[in-house]
Amino acid sequence: MQLGQLQKNLTEFERRGAKLWAVSADPIEEAERLGKKLELTFPIGADPELKLIRQFGVEMEGREIAIPSMFVPVSYTHLDVYKRQSLTKTFTAAVVGMLAEEGKLRLDAPIKESLSGFTLQDPVATEQLSLRDILSHRSGMDESADLLWSGTGYDRKELLRRLREVPQAAPLRSQFSYSNVMYVLAGEQAASASGQSFESLIRSRILEPVQMTESGFGIPTASDGNIASPHTERNAVITPIAPRILDNIAPAAGLYASATDLSRWLQVWLQRGRIEEKQIFSSALIDAMTTPQTVVGPVSYTHLDVYKRQSQDR
């Protein structure tokens, strides 16, 4: 599909979407009908030039702007910032890789060698767990580890100390074991090796060089007020709520960013570590982070925190 046709389709999608919100008696049914009628494709290829940015949704339910003959909710723009959750893990993996290339971290060395008192319930994992294991989600730690950060008030230091209380669900390196808490450990290892806080490390090594000026950690902020609000359903009503504070798992899920900023991060990957003639990290690191590490049924898991389908003959 040509870019012009894509833009035309998106304009029609947005026009009908506004009408859907304003007058439709059954917005879900209308959305399904609209989705079937309109073809939406996004061309992605080797060309690093930015073609199009679109961000869909509503900043805050109940906040409205007037347009001729109707009111519609305030829609996202590509400058709106909101939490990017587990996309944060790509930034954490990248800085760990950078520090490893500089000789400040060792991906395959046991964590216990650099973290005094490190203890898990499983003695084998305690002795052998490495950064490569953590980044590839193969620690074998039980998913109940997430109970350590959610609503407990524990800071990162206390959260990591309490890892010894979490059961081992599977032997180390035997299966895929997604873990937010383990990425906190990776982020704190990187921070210690760099002599900076984790947030300062990400800012100095990625956000500032890539010029991601609408990104950061903590509660999202924006000088123009373009901030997406989280919502929940209460008594069958979609209601804005306060954002969750994710400081204690910032290396796993704490980043906020705009679509514009994320497009610059994507360009770094498409240009093998470069943007605007500036080398952010090496092409070898790109290869390492996109090489499958942990098999999960028909897919495998990589340092990039994305699934990558394997061919039939692998």
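Is Glu-199 buried, partly exposed or exposed? In this predicted model, Glu-199 counts as partly exposed, at 24% relative accessibility (buried is under 20% relative accessible area, exposed over 50%, partly exposed in between; 1.4 Å probe, protein chains only). Local features need pLDDT of at least 70 and side-chain atom pairs count only at pLDDT 80 or more, while totals for chains, interfaces and linings use all residues. Residues are numbered from 1 along each chain as its sequence is written, and side-chain values use heavy atoms, with hydrogens and water left out.

The structure holds 15 salt bridges, each a side-chain nitrogen of Lys or Arg within 4 Å of a carboxyl oxygen of Asp or Glu. One of them joins Glu-199 to Arg-156, at 2.3 Å from N to O. Glu-199 lies in helix H8 (residues 198-210) and Arg-156 in helix H6, so the bridge ties together parts that are 43 residues apart in sequence; helices (H or I, at least four residues) are DSSP runs, numbered from the N terminus. Arg-156 counts as buried, at 12% relative accessibility.

Asp-133 is buried, with a relative accessible area of 0%, whereas Arg-173 is partly exposed at 42%.

Methods
Helix = DSSP H or I, 4+ residues; strand = E, 2+ residues; numbered from the N terminus.
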